[in-house]
Amino acid sequence: MALNDLVKNALEIGKAMGVTLKYLTQTPVTVEYPNEPVSLYPRFRGRHELRRYENGMERCIGCMLCEAACPTGAIYVDAAENDPANPTSPGERYAKVYEINLLRCVFCGDCEEACPTEAIVLGHEFAMANYDRHDFILNKQTLLNPGMPNVVIRPD
Ligand code: SF4
Ligand code: SF4
């Protein structure tokens, strides 16, 4: 090997080591998930949640606008008349059945946009792995028990 080649190779190795040393002192951009929490943007769209009013009443009035807006047919709503003596929601109707099929959902947020009462929102839960495909169909009871209540709804 010629002397020129030796010098050239040594310079290349020096350059590569320089890059290594530069990044050695920097904080890694990756995190040790799940041991370390992952920071999410406020507008992150994760698993859905059905919300209630402060008095405990369900926000959902069974209007089915979310079902109509969903581009993938992931939502199924079956509405029923409220019992005037013991209403479930402030409207005339409420969702007797409310289901979301996460295997169809593309997390576009159209359901959230369409909802007139801000009942359905996309929360921050993203760890949704499961063993049984039936477990990907979220029923109303599951959706009414949000994991993260501080979801930003329709931020500017
Ligand atoms: S986020 Fe989009 S795809 Fe998922 S249920 Fe809502 S409207 Fe349908
Ligand atoms: S979640 Fe909203 S849009 Fe969907 S049925 Fe209930 S009130 Fe209507």
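# Report on the predicted model

## Conventions

In this report, Ala, Val, Leu, Ile, Met, Phe, Trp, Tyr, Cys and Pro count as nonpolar, Asp, Glu, Lys and Arg as charged, and the others, Gly among them, as polar. The structure is a predicted model, in which local features need pLDDT of at least 70 and side-chain atom pairs count only at pLDDT 80 or more, while totals for chains, interfaces and linings use all residues. Residues are numbered from 1 along each chain as its sequence is written, chains are lettered from A and ligands numbered from 1 in the order in which they are written, and side-chain values use heavy atoms, with hydrogens and water left out.

## Surroundings of the two ligands

A residue is taken to be near a ligand if one of its heavy atoms lies within 4 Å of it. Around ligand 1 there are 14 residues, of which Cys 70, Cys 105, Cys 108, Gly 109 and Cys 111 come nearest. This shell comprises 10 nonpolar, three polar and one charged residues. Ligand 2 is surrounded by 13 residues, and the closest are Cys 60, Cys 63, Met 64, Cys 66 and Cys 115. Its shell has 11 nonpolar, two polar and no charged residues.

Cys 66 is buried at 7% relative accessibility, whereas Cys 63 is partly exposed at 33%. A disulfide is a pair of cysteine sulfur atoms within 2.5 Å, and a search of the whole structure finds zero of them.

## Gly 109

Helices (H or I, at least four residues) and strands (E, at least two) are DSSP runs, numbered from the N terminus. Gly 109 occupies the loop between strand 3 and helix 3 (110-114) and is buried, with a relative accessibility of 6%. Contact means heavy atoms within 4.5 Å. Not counting residues up to four places away in sequence, Gly 109 touches Arg 45 and Leu 122. Glu 92 is 17 residues from Gly 109 along the chain, and their C-alpha atoms are separated by 26 Å.

Two strands pair if DSSP finds at least two bridges between them. Three strands form an open sheet in the order 2-3-5, with antiparallel pairing. Strand 2 and strand 5 (137-138) are at the edges, each with a single partner strand, so one side of each lacks a neighbour in the sheet.

Strand 2 and strand 3 pair over seven bridges, and strand 3 and strand 5 over two. Ile 100 in strand 3 is the bridge partner of Ile 75, and in strand 5 the bridge partner of Ile 100 is Leu 138. Asn 101 stands opposite Ile 137 in strand 5.

## The largest nonpolar core

A nonpolar core is a set of buried Ala, Val, Leu, Ile, Met, Phe, Trp, Tyr and Cys residues joined through side-chain atoms within 4.5 Å. The largest has 21 residues, and those that touch the most other members are Leu 50, Cys 66, Ile 75, Tyr 98, Ile 100 and Ile 120. Strand 2 (75-81), strand 3 (93-101) and strand 4 (120-122) are the elements that give two or more residues to this core. Strand 3 gives the most, with three residues. In soluble globular proteins, nonpolar side chains tend to be buried together.

Leaving aside neighbours within four places in sequence, Ile 100 is in contact with His 48, Ala 74, Ile 75, Ile 120, Phe 136, Ile 137, Leu 138 and Leu 143.

## Backbone features

Most residues other than glycine have a negative phi, and most peptide bonds are trans. The peptide bond from Tyr 33 to Pro 34 is cis, with omega near 10 degrees. Pro 34 lies in the loop between helix 1 (3-24) and strand 1 (48-50).

Met 64, which is not a glycine, has a positive phi near 70 degrees. Met 64 is found in the loop between strand 1 and helix 2 (65-69) and is partly exposed at 29% relative accessible area. Phe 107, also not a glycine, has a positive phi of about 55 degrees. Phe 107 belongs to the loop between strand 3 and helix 3 and is partly exposed, with 22% relative accessibility.

## Helix 4

Thr 142 lies in helix 4 (residues 140-143) and is partly exposed at 31% relative accessibility. Thr 142 and Ala 80 are 62 residues apart in sequence, and their C-alpha atoms are 19 Å apart in space.

Key. Buried < 20%, exposed > 50% of the residue type's maximum accessible area, 1.4 Å probe, protein only.
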